[in-house]
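These notebook entries record what I looked up in one structure.

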Amino acid sequence: GGRCAMTKGAALQAFFERFLPSYAASAVPNDVTFPYLTYELITDAWDGGEVGITVNLRDYTTKEAPLNAKAQELSNAIGLGGVTLPCDDGFIWMKRGSPWCQSLYDASDSHIKRRYLNVTAEYMTLN
């Protein structure tokens, strides 16, 4: 059978953790250390269509290149046709959204660099 003992949230977490320490946007610890990634934990099921998930990469640096490289690494991992993440009762089909990556300025501190990424996820799951 296609059973995988991993919730949708755990499957997303495991995927993003491959790139940087990752947190659901609603669960970022107060003592977080740079660099890190946050993502919106939005789930759905088989007939829900694509949902947009915002991913933010953040680093405390004067350099742009490391975050650009991380955004590219994430883009490469998702690939042209998307990537499938096994989870309970099916899989998540993750694709690059549009626009893929935007560079954003952090008004609180000019050393905080941020990349705002758009990802779409289609939940090919029973529930």
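**Entry 1. A strand residue.** I looked up Ser22 and found that, leaving out residues up to four places away in sequence, Ser22 touches Gln13, Phe16, Glu17, Leu37 and Tyr39; contact means heavy atoms within 4.5 Å. Ser22 belongs to strand 1 (residues 22–24). I take helices (H or I, at least four residues) and strands (E, at least two) as DSSP runs, numbered from the N terminus. Ser22 has 3% relative accessibility and therefore counts as buried. Buried means under 20% relative accessible area, exposed over 50%, and partly exposed in between (1.4 Å probe, protein chains only).

**Entry 2. Ground rules.** I note that this is a predicted model, in which local features need pLDDT of at least 70 and side-chain atom pairs count only at pLDDT 80 or more, while totals for chains, interfaces and linings use all residues. Residues are numbered from 1 along each chain as its sequence is written, and side-chain values use heavy atoms, with hydrogens and water left out.

**Entry 3. The fold.** I recorded 2 helices and 6 strands in the protein. Read from the N terminus, the order of elements is α-β-β-β-α-β-β-β. The radius of gyration is 15 Å, close to the 14 Å that the globule rule gives for 127 residues, so the protein is as compact as a globular protein of that length. The radius is taken over C-alpha atoms, and the globule rule is 2.2 Å times the number of residues to the power 0.38. Along the principal axes, the C-alpha atoms fill a box of roughly 50 × 30 × 20 Å.

Of its 127 residues, 41% count as buried. Among contacts between residues at least 6 apart in sequence, 60% join residues at least 24 apart. The protein exposes about 6,800 Å², of which carbon and sulfur atoms supply 53%; accessible areas come from the Shrake-Rupley method with a 1.4 Å probe, and for residues only the protein chains shown count as cover.

Entry 4. What does the side chain of Lys8 reach? I found the backbone oxygen of Asn127, at 2.4 Å. Lys8 is in helix 1 (residues 8–17). Lys8 is buried yet has no salt bridge, and the nearest side chain of opposite charge, that of Asp44, is 6.7 Å away. For charge, Lys and Arg count as positive and Asp and Glu as negative; His and the chain ends are not counted. A salt bridge is a side-chain nitrogen of Lys or Arg within 4 Å of a carboxyl oxygen of Asp or Glu. Apart from neighbours within four places in sequence, the contacts of Lys8 include Thr43, Asp44, Ala45, Cys87, Ile92, Tyr123 and Thr125, and Asn127 is also one of them.

**Entry 5. Salt bridges.** Side chains of opposite charge can pair when their charged atoms come close. I searched the whole structure and found 5 salt bridges. In one of them Lys95 meets Glu50 at 2.6 Å, N to O. This pair links distant parts of the chain, with Lys95 in strand 5 (residues 90–105) and Glu50 in strand 3 (residues 50–60), 45 residues apart. Lys95 also forms a salt bridge with Glu122, the closest N and O atoms being 3.1 Å apart. Glu122 lies in strand 6 (residues 112–125) and Lys95 in strand 5, so this pair ties together parts that are 27 residues apart in sequence.

Lys95 and Glu122 are both buried, Lys95 at 14% relative accessibility, whereas Glu50 counts as partly exposed at 47%.

A further salt bridge joins Lys70 and Glu73 (3.1 Å, N to O). Because they are 3 residues apart in helix 2 (residues 65–78), Lys70 and Glu73 are separated by about one helical turn. Lys70 is partly exposed at 22%, and Glu73 is partly exposed at 33%.

**Entry 6. Backbone.** Which residues does a cis peptide bond join? I found one between Phe34 and Pro35, with omega about -10 degrees, and one between Ser98 and Pro99, with omega about -5 degrees. Pro35 lies in the loop between strand 1 and strand 2 (36–39), whereas Pro99 lies in strand 5. Asp89 is not a glycine, yet has a positive phi of about 60 degrees. Asp89 sits in the loop between strand 4 (83–87) and strand 5 and, at 22% relative accessibility, counts as partly exposed.

Technical notes: A polar contact is a pair of N or O atoms within 3.5 Å; within protein, one must be able to donate a hydrogen and the other to accept it, and residues adjacent in sequence count only if both atoms are side-chain atoms.
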